[in-house]
Amino acid sequence: MSLNRIVLIILIIFVLEGALMPWLIPSSFGDRIIPHFTFVMVIFASLYGSRHQALALGMGFGLLQDIMYYGHVMGAHFFFMGLIGYLIGILLERKKATLMLAISVIGFASIGFDSVLYFINKVFKLTTGSYPWALIQYILPSLFLQLVFALLFYVPVRKMFESRKQFHSSDSAEEM
Amino acid sequence: MLMIGFLIFIVMIGLSIGGRQSLTWPEKFVKDAIGGIQQMIYRPAGAVAGFFQDMKNLNTIYEENEQLRMLAAQYARDKVEYNFVKNENKRLQDELDFASHQKEMYDYTYMIAQVISVSNDANNRTININVGSRQGVEKDMAVVTVDGLVGLVKAVTPFTASVTPYTELNSLSTAFNAISATVLNKETESFGILTDYDAELERIMMTKIGEGDPMKEGDTVITSGFGNIYPRGLQIGTIETLKVGEVGLTYEATIDPFVDLNQLTEVFVVKIPQINEDEELTP
């Protein structure tokens, strides 16, 4: 699968995340369960694609997020989506990621991402509320949503990134 | 690569944190393009969800109808009263030689808008709507629903606008201006400023309330319109608690907002009439 297709699929996920997800989440949990599906896709890219791919996708879609929902500061999603994807890519580069490993990595990465965003906003005094409150209020509830998403789409997404890798490596082999 | 990213990150935060007046054209283009697609999804999804909501509400519809009938009767009585007062007011304004911009100061127009997407960031809950600078929306315009105040317009592109909801009220940052407020039926005596939103309590904080202020718990808070930046008379919420503030000289209140920000569909952008500068200078 070419990179264009992958980008298109993540773009569709990004659009649905903002436009469809608010209707699927019960309204009383609207500010507690927050989808970060594009971020999960970036982590998938770092697990089954390459770290550079994850960095590029993370920065690209982070920037898109920053522009679309321009509120206080720009750049937080841009930098940290790319950075976390890249770091996980380095950590697990030589390891073949199984389902359990992938899900746990996605879980920890989601907590890390939400926490980092919280602290960025805290540093600039853009958010009120203590960290333990934020953890209970939205970081942990939305973690479950991310895990369910990752579990549901694990097989097709893994195939998508791995076929891209094979496509890529066979391509370069032919060139040689 | 990572280093360049970090540098861009610092530069972007530095440039955007002070609050900019307008967006650059690449931002506008991206926002309009994605916003156009999201609009096609959010509304049908909302219509489907609304259908199931209606099914659920079918049993309560009789009671609601009864209430609405009473409200309509009350409205008809008030309308007669209102027409008399309005004509009287107009006559007095004519006699006192009001300038035309003074007369039109409170002629707000309500522009209907559809929500197209909602931010997935808990620290920055932005709502995008499908009207933009082409329709005359400007930065800092108030956005309301039929229930009350939602927030203020933060950024405008030709076809969309980003609304910062009241949850981002924060006296420590430059992101959101404080809003002056008063209490329904005590408009001339009460005054307070909406400065913060307490995320843990999920309540708006109103501070700088004078000691002899007649407001009490359960009153409806509305915008006062002082300063003529934000329109007056927009409902915000009810006062839940009222106590002496931190400094001890003024009171502060927590306000339970009327509007639930989840699953919004239709909102109104409140346009305040433009003050003609030339006319103001020549008496």
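**View 1. The contact between chain A and chain B.** In this predicted model, 42 residues of chain A and 47 residues of chain B form the contact, two residues being in contact if their C-beta atoms, placed from the backbone, lie within 7 Å. On chain A, the side that touches chain B draws at least two residues from each of α1 (3–19), α2 (21–24), α4 (51–68), α5 (76–91), α6 (99–123) and α7 (131–152). That side comprises 27 nonpolar, 12 polar and three charged residues; Ala, Val, Leu, Ile, Met, Phe, Trp, Tyr, Cys and Pro count as nonpolar, Asp, Glu, Lys and Arg as charged, and the others, Gly among them, as polar. Residues are numbered from 1 along each chain as its sequence is written, and chains are lettered from A in the order in which they are written. Local features need pLDDT of at least 70 and side-chain atom pairs pLDDT 80 or more, whereas totals for chains, interfaces and linings use all residues.

**View 2. The packing of α6(A) against α7(A).** The axes, which are lines fitted to C-alpha atoms over the stretch in contact, lie 9 Å apart at an angle of about 145°, with angles running from 0 to 180 degrees between N-to-C directions. Residues of α6(A) in this contact include A:I103, A:I106 and A:Y118, while α7(A) contributes, among others, A:Y131, A:L143 and A:L151. By class, the contact has 11 nonpolar, five polar and one charged residues.

**View 3. The fold of chain B.** Chain B contains five helices and 12 strands, assigned as DSSP runs (helices H or I, at least four residues; strands E, at least two). Of its 283 residues, 33% are buried, that is, 20 or more other C-beta atoms lie within 10 Å of their own.

Key:
A residue is buried if 20 or more other C-beta atoms lie within 10 Å of its own, exposed if 12 or fewer, and partly exposed in between; C-beta atoms are placed from the backbone.
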